Amino acid sequence: MASGPKFAAAVAETGLLMVGLGAVVLIGLVVPVLVLGLFVFRMPFEDLAGIVSGACGNAAILAFSTKLAPTDRPDINYATIFPGMTLVKILFVSVVPAFL
């Protein structure tokens, strides 16, 4: 219970910075996936929707992409890319602060 005020003070002090860094990580990982998938590899939308949702690691994006493309392909590609992109995000977050 005593950590509540300290936590609130830390969020108030660095909250916007953390949201900004989160956006940098998300954009830095998703935009290359979209560009490569759409323009270089010319992937079908169903595949790319699953890969992007797996790259984000967000099941809500997967549910939305499954509604847009009602096949199993987004689910399959999500399950394929999710573990690898989780490792990439961990490494990416470790490296980005060195450039700031």
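Buried means under 20% relative accessible area, exposed means over 50%, and partly exposed lies in between (1.4 Å probe, protein chains only). By that rule, Tyr-78 counts as buried because its relative accessibility is 14%.

## The model

This is a predicted model: local features need pLDDT of at least 70, side-chain atom pairs count only at pLDDT 80 or more, and totals for chains, interfaces and linings use all residues. Residues are numbered from 1 along each chain as its sequence is written, and side-chain values use heavy atoms, with hydrogens and water left out.

Helices here are DSSP runs (H or I, at least four residues), numbered from the N terminus. Phe-82 counts as partly exposed because its relative accessibility is 32%.

## Helix H4

H4 has 27 residues and reaches 37 Å from its first C-alpha to its last. That is close to the 39 Å expected at 1.5 Å a residue, where the count used is one less than the number of residues.

Where does H4 kink? A kink of about 40 degrees lies at Phe-82, shortly before Pro-83. The bend is the angle between axes fitted to the seven residues ending there and the seven starting there. The buried residues of H4 include Asn-77, Met-85 and Val-96.

Conventions: Helix = DSSP H or I, 4+ residues; strand = E, 2+ residues; numbered from the N terminus.
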